[in-house]
Amino acid sequence: MRVLLVEDEPLISEFIAKGLREAGHNVDHTASGTDGLHMATHETYDALILDRMLPGMEGLELLRILRASGHRTPVLILSSLGDVEQRVLGLRAGADDYLAKPFSFAELMARLEGLLRRQATGPETPTRLRVADLEMDLLKRSVKRAGQTLELQPREFRLLEFLMRHAEQVVTRTMLLEAVWDYHFDPQTNVIDVHVSRLRQKIDRDLGPPLLHTIRGAGYLLGMRA
Ligand code: CA
């Protein structure tokens, strides 16, 4: 895919551009909001990764102008402004997804792929995830199974969000360590098993057939299994 990256922090933009190029994608980068708007309206991109606090023009302003002029390019906002109100502002301005910094590259890629899938299959609200009768509302930060609200700790929520975004796929401990705990953790620790076990108690206990499965020697899988 061809991606436009509008980000003024050199370390972050280098990290993202390098990762995307290694994954075989084309990346155009600018650190300026005004240049970003010019490029987004004069070139064709499959997706736009947009920072908010930018020199020249604020990211949300860029996005509003882009949408007002009829451009439907999928936009992922990447911002250190990560609380619910800020995410709502971003989505209302026309973003398709919103990822808070700090982030992991694996999650950024998963979200970009999600944007392209939704683009390919038509519009769908990007603020909810659903696996069987388990539902997550990313704006309200709420989780329900079979209509019952579940109280999750923030870490459990991130863990479940990652598993739901990778539903029906085996997710390894390394992926979880990177996406949910960030890099700097001793992989020998049983912290993942402890959190998965707590999460499983909350989502699977008495609420229906088990959804969170342990795949021996590989990791975990969220989904319906025979
Ligand atoms: Ca910035």
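## Basis of the model

Residues are numbered from 1 along each chain as its sequence is written, and side-chain values use heavy atoms, with hydrogens and water left out. Because the model is predicted, local features need pLDDT of at least 70 and side-chain atom pairs count only at pLDDT 80 or more, while totals for chains, interfaces and linings use all residues.

## Two domains

The chain is split into domain 1, residues 2–121, and domain 2, residues 128–222. These bounds come from an automatic or database domain assignment. Taken over C-alpha atoms, the centres of domain 1 and domain 2 are 26 Å apart.

In the interface, 12 residues of domain 1 are in contact with 9 residues of domain 2 (contact means heavy atoms within 4.5 Å). About 930 Å² is buried between the two domains, and carbon and sulfur atoms give 52% of that area. Buried area is the accessible area, found with a 1.4 Å probe, that two parts lose on being put together, summed over both.

## Helices H2 and H3

Helices (H or I, at least four residues) and strands (E, at least two) are DSSP runs, numbered from the N terminus. The axes of helix H2 (residues 33–42) and helix H3 (residues 59–68) come within 10 Å and cross at roughly 25°. Axes are lines fitted to C-alpha atoms, for helices over the stretch in contact, and angles run from 0 to 180 degrees between N-to-C directions. H2 and H3 are therefore roughly parallel to each other. Angles under 35 degrees count as roughly parallel, over 145 as roughly antiparallel, 65 to 115 as roughly perpendicular and the rest as oblique.

Gly 33, Gly 36, Leu 37, Ala 40 and Thr 41 of H2 meet Leu 62, Ile 65 and Leu 66 of H3. By class, this contact has 5 nonpolar, 3 polar and no charged residues. Ala, Val, Leu, Ile, Met, Phe, Trp, Tyr, Cys and Pro count as nonpolar, Asp, Glu, Lys and Arg as charged, and the others, Gly among them, as polar.

## Helix H6 and its partners

Helix H6 (residues 154–165) and helix H7 (residues 173–180) have axes that come within 10 Å and cross at roughly 125°. That makes H6 oblique to H7. Arg 155, Arg 158, Leu 159, Phe 162 and Leu 163 of H6 make the contact with Met 175, Leu 176, Ala 179 and Val 180 of H7. These residues divide into 7 nonpolar, no polar and 2 charged.

The axes of H6 and helix H8 (residues 191–204) also come within 10 Å, crossing at roughly 80°. H6 and H8 are therefore roughly perpendicular to each other. The contact of H6 with H8 has 6 nonpolar, 1 polar and 4 charged residues.

## Residues in loops

Gly 94 is in the loop between helix H4 (84–92) and strand S5 (97–100). Leaving out residues up to four places away in sequence, Gly 94 touches Leu 63 and Arg 67.

Lys 101 and Pro 102 are joined by a cis peptide bond, with omega about -5°. Pro 102 lies in the loop between S5 and helix H5 (105–121). Ala 132, in the loop between strand S6 (128–131) and strand S7 (134–137), has phi near 50°, a positive value in a residue other than glycine.
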